[in-house]
Amino acid sequence: MGQDDRVTDRYPDEPAAEPPAAYAAEPEIEPIVERAAAQGPTEDLAHDPAEMRAHYRAEGLDASSLAAVPMEQFARWFEQAAQAAVAGMIYEPNAMVVSTADADGLLSSRTVLMKGYDAQGFVFYTNYESRKARDLAVNPHISLLFPWHPMARQVIVTGTAHRTGREETTAYFRTRPHGSRLGAWASAQSSVIASRAELDTAYEQLSARYPEGSEVPVPPNWGGFRVTPRTVEFWQGRENRLHDRLRYVAEPDGAWRVERLSP
Ligand SMILES: Cc1cc2nc3c(=O)[nH]c(=O)nc-3n(C[C@H](O)[C@H](O)[C@H](O)COP(=O)(O)O)c2cc1C
């Protein structure tokens with residue numbers, strides 16, 4: 001059985017929500033910065049991004065090989081990205097850039113972890129009082145971008161975001177490590193705070209109240225968003241910048257049209 005068959009077999013009944021434990025673990029942030037610094041100078045490369053040229057020799061992407069629906073095609077690519085992650089070639093393939101706009105059309109972007117996907121779309125979790133959530137409350141239009149650079153791939157989604165139900169949020173919250181559950185309570189995400197100490201104190205007070213092993217309730221201002229896609233572009237880097245770009249577009253009757261875009 002081929003790899004794509006395996007993915008298709010799983011789809012759509014069984015959402016491939018959780019990334020494998022190999023990279024779901026809490027990332028080691030500082031050691032990476034230190035290890036990179038130990039490499040020494042970058043010979044001015046960092047000062048001249050125009051000289052950072054990767055040559056893409058990837059296989060092409062053809063409409064005839066695409067899945068019938070974009071979430072199934074996403075499942076195929078995400079499976080491959082997850083394999084690349086387990087092989088250490090890519091880091092956190094479920095990290096995506098989420099862009100929102102406020103009521104005046106002012107844009108903002110940030111990285112968020114995609115925590116589930118299925119036939120209905122993509123799910124992420126955040127603070128409902130954060131900037132992104134406030135944007136989405138007045139303007140549900142959203143863009144997601146999965147930057148799988150080592151694979152010369154990106155997936156770009158546009159659509160609308162709506163809050164997940166409380167039950168779904170609670171089920172996910174219970175899967176989070178104890179410290180992350182406390183963190184969700186401790187942080188009034190996106191608000192200006194006086195100092196780091198303020199945050200640490202809030203966390204310490206919460207840890208005293210909810211020691212390891214105790215049940216941490218779901219914060220009322222925290223939960224998920226499900227992004228219903230309207231367009232999904234699969235971008236595959238090719239030689240000479242003649243990349244493949246195939247975009248699914250939702251038709252009013254619910255069917256999907258696929259169009260090729262010039263690179
Ligand atoms: C790799 C990575 C993963 C992140 N995952 C999340 C996430 O799942 N949910 C979240 O609310 N913020 C996440 N963040 C933090 C966001 O980038 C952002 O700082 C935060 O959500 C506040 O954004 P806002 O003020 O624009 O709403 C992540 C950041 C990084 C770098």
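Which helix and strands each supply at least two residues of the shell around the ligand? I began with this point and found strand 2 (107-118), strand 3 (121-127) and helix 5 (131-138). I note at the outset that the model is predicted.

**Entry 1: the ligand shell**

I asked which element gives the largest share of the shell. That element is strand 2, with five residues. I then listed the residues that come nearest to the ligand: of the 16 around it, they are Arg-110, Thr-126, Ser-130, Arg-131 and Ser-190. I also sorted the shell by residue class, which gave five nonpolar, seven polar and four charged residues.

**Entry 2: the chain as a whole**

I recorded eight helices and eight strands for the protein chain. The chain has 263 residues, of which 25% are buried. For contacts between residues at least 6 apart in sequence, I noted that 63% join residues at least 24 apart.

I next looked up the confidence. The average pLDDT of the protein chain is 88, and 86% of the residues score at least 70. Residues 1-17 have a pLDDT below 50, and this stretch has 21 contacts in the model beyond near neighbours in sequence. For residues 19-25 the pLDDT is also below 50, with ten contacts beyond near neighbours in sequence.

**Entry 3: annotated positions**

I consulted the UniProt record, an unreviewed entry. Its annotation "binding site" covers Lys-115, Tyr-172, Arg-176, Ser-180, Arg-241, Leu-242 and His-243.

I located Ser-180 in helix 7, which spans residues 178-186. Why does Ser-180 count as partly exposed? The reason is that Ser-180 has 13 C-beta neighbours inside 10 Å, whereas a buried residue needs 20 or more and an exposed one has 12 or fewer.

I found Arg-241 in the loop between strand 6 (222-236) and strand 7 (244-250). Arg-241 counts as exposed because it has 9 C-beta neighbours inside 10 Å. I also checked the backbone of Arg-241: phi is positive, about 60°, although the residue is not a glycine.

I returned to helix 7 to see which of its residues are buried. Arg-181, Leu-182, Ala-184 and Ala-186 are buried there. The cover over the buried residues of helix 7 includes helix 6 (166-173), helix 8 (196-209) and strand 6.

**Entry 4**

I traced the pairing of strand 4 (residues 141-148) with strand 5 (residues 153-163), and it is antiparallel over eight bridges. Trp-148 has Arg-153 of strand 5 as its bridge partner. The two strands, strand 4 and strand 5, form a hairpin with four residues between them.

I examined Ala-152 in the turn of this hairpin. Ala-152 sits in the loop between strand 4 and strand 5. Its phi is near 55°, a positive value in a residue other than glycine. Is Ala-152 buried, exposed or partly exposed? Ala-152 is partly exposed, because 17 other C-beta atoms lie within 10 Å.

I then moved to the pairing of strand 5 with strand 6, which is antiparallel over eleven bridges. In this region Ile-156 stands opposite Glu-233 of strand 6.

**Entry 5: Val-157**

Val-157 counts as buried because it has 24 C-beta neighbours inside 10 Å, and the cut-off for a buried residue is 20 or more.

Which residues does Val-157 touch, not counting those up to four places away in sequence? I listed Phe-122, Ser-143, Leu-144, Val-227, Pro-229 and Val-232. I also looked up the separation of Val-157 from Gly-121: the two are 36 residues apart along the chain, and their C-alpha atoms are separated by 9.9 Å.

Definitions and conventions:
Residues are numbered from 1 along each chain as its sequence is written. This is a predicted model: local features need pLDDT of at least 70, side-chain atom pairs count only at pLDDT 80 or more; totals for chains, interfaces and linings use all residues. A residue is near a molecule or strand if its C-beta atom, placed from the backbone, lies within 6 Å of it. Ala, Val, Leu, Ile, Met, Phe, Trp, Tyr, Cys and Pro count as nonpolar, Asp, Glu, Lys and Arg as charged, and the others, Gly among them, as polar. Two residues are in contact if their C-beta atoms, placed from the backbone, lie within 7 Å. pLDDT is the predictor's confidence in each residue, from 0 to 100. UniProt positions are given in the numbering used here, feature names are shortened, and annotations may be inferred rather than shown by experiment. Two strands pair if DSSP finds at least two bridges between them.
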